[in-house]
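Dear colleague,

I am passing on the structure we talked about, and my notes on it follow below. Please read them with the coordinates open beside you.

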Amino acid sequence: MEIPVDGAPLIDRLRERSPEAIAELHALLLRAARFEVGRRRGALSHVRGEELDDIANQAADDALMAVLAKLDDYRGASRFTTWAYKFALLEAGVRLRRRAWQHREVVLEPDAWRALTDRQQSAHDQVEQADFLQALGRAIDTALTQHQRTVFVALALNEVPIDVLAERMSTTRGALYKTLHDARKRLRMELGEEDA
Amino acid sequence: MSKLLGPLGPEIGCDACFDLLDEYVDLELDGVDADARVPGMRAHLQGCPACHEEYEALRELAGADG
């Protein structure tokens, strides 16, 4: 795909490190970060507007550094603005998820699933769901390694955001998702679910 | 159940998702079959809530640009 016409002038000026182009890029990234803050404002009603604007500014600043460092990776497979936006949305998203969980405890006990599946089971009156959760509980116990159990319980059962868990476990989103993927595959096999 | 056990079939990881997300979104906005051009993306977006949030945001933001 050719480099889109709308992106070519800005990216050319960015490659020359034009201060005006960098300011233009920062404005674009700040707009994207504020857009993401705005989308999630409802879930962060306890956070002051000033702090949310700080989060948007920090996200735009870090996204600017990332975009400038990766400028040569832009292959023209998308509009330049779409490519640049994703860096700001990532930075803002990670910050907002971490802010939302800032004062929440993340339980990393691999055996914590027992209480959780019991709780979910009692909340559902459908026999099929209760049976599934019982089978899932057995599969978690027998088919997963301790690390897979910890990650699966936190991400899939406790719904801890992956970036929050990555920070608490000093690892990356990609590494955690790989563990989750492998755990899910083992559980599907154990439960007799179809797998490709 | 699918939320717990994730999508069936091949899926890309979070790093590849980030690398290809802009292309995927623009293909969708241009009315092209993005799933055929970026295999494994749809499954990943079904399995990873964080990447799905970023996909939704990028689609909305880029779509608003026209």
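**Notes on the two chains**

Read from the N terminus on, the elements of chain A run α-α-α-α-α-α-α-α-α, and its secondary structure accordingly comes to nine helices and zero strands. Please keep in mind that this is a predicted model, with a mean pLDDT of 88 for chain A and 85% of its residues at 70 or more. Over residues 1–5 of chain A the pLDDT is below 50, and this stretch has eight contacts in the model beyond near neighbours in sequence.

As to the overall build of chain A, buried residues make up 34% of its 196 residues. Among the contacts in chain A between residues at least 6 apart in sequence, 74% join residues that are at least 24 apart. The domain assignment of chain A gives domain 1 as 8–100 and domain 2 as 113–191, and the C-alpha centres of these two domains lie 33 Å apart.

**Domain 1 of chain A**

In the loop between helix H1 (8–15) and helix H2 (19–40) of chain A you will find A:Arg17, which has a positive phi of about 55 degrees although it is not a glycine. That deserves a remark, because most residues other than glycine have a negative phi. A:Arg17 is exposed, with 10 other C-beta atoms within 10 Å.

A:Leu52, by contrast, is found in helix H3 (residues 49–69) of chain A and is buried, since it has 20 other C-beta atoms within 10 Å and a residue counts as buried at 20 or more. Leaving aside residues up to four places away in sequence, A:Leu52 touches A:Val37, A:Arg41, A:Leu44 and A:Val47. For A:Val37, which is 15 residues from A:Leu52 along the chain, the C-alpha atoms of the pair are separated by 6.8 Å.

With 6 C-beta neighbours inside 10 Å, A:Ser170 counts as exposed.

Helix H9 of chain A has 19 residues and reaches 26 Å from its first C-alpha to its last, close to the 27 Å expected at 1.5 Å a residue. Its buried residues are A:Arg173, A:Leu176, A:Tyr177, A:Thr179, A:Leu180, A:Ala183, A:Arg184 and A:Leu187. Seen down the axis of H9(A), these buried residues fall within an arc of 155 degrees, so they line one face of the helix. As background to that pattern, an α-helix has 3.6 residues a turn, so residues three or four places apart point the same way.

What covers the buried residues of H9(A) comes from both chains, and includes helix H6 (127–143), helix H7 (146–157) and H8 of chain A together with helix H1 (2–5), helix H2 (14–29) and helix H5 (49–65) of chain B. Just after H9(A), A:Gly192 takes a positive phi of about 75 degrees.

**Chain B and where it meets chain A**

Between the two chains, 25 residues of chain B are in contact with 34 residues of chain A. H1, H2 and H5 of chain B each supply at least two residues of the side of chain B that touches chain A, and by class this side has 15 nonpolar, three polar and seven charged residues.

The 17 residues of H5(B) should span 24 Å at 1.5 Å a residue, and its end C-alpha atoms are 25 Å apart, which agrees. Buried in H5(B) are B:Ala50, B:Cys51, B:Glu54, B:Tyr55, B:Ala57, B:Leu58, B:Leu61 and B:Ala62. These buried residues pack against H2, helix H4 (80–100), H8 and H9 of chain A together with H2 and helix H4 (41–47) of chain B. H5(B) is followed by B:Gly66, whose phi is positive, near 85 degrees.

Finally, B:Asp15 lies in helix H2 of chain B and is partly exposed, with 14 other C-beta atoms within 10 Å. The C-alpha atoms of B:Asp15 and B:Cys51, which are 36 residues apart along the chain, are separated by 9.8 Å.

Terms used
Residues are numbered from 1 along each chain as its sequence is written. Chains are lettered from A and ligands numbered from 1 in the order in which they are written. This is a predicted model: local features need pLDDT of at least 70, side-chain atom pairs count only at pLDDT 80 or more; totals for chains, interfaces and linings use all residues. Helices (H or I, at least four residues) and strands (E, at least two) are DSSP runs, numbered from the N terminus. A residue is buried if 20 or more other C-beta atoms lie within 10 Å of its own, exposed if 12 or fewer, and partly exposed in between; C-beta atoms are placed from the backbone. The expected span of a helix is 1.5 Å times one less than its number of residues. The arc is that of the directions from the helix axis to the C-beta atoms. Two residues are in contact if their C-beta atoms, placed from the backbone, lie within 7 Å. Domain bounds come from an automatic or database domain assignment. Ala, Val, Leu, Ile, Met, Phe, Trp, Tyr, Cys and Pro count as nonpolar, Asp, Glu, Lys and Arg as charged, and the others, Gly among them, as polar. pLDDT is the predictor's confidence in each residue, from 0 to 100.
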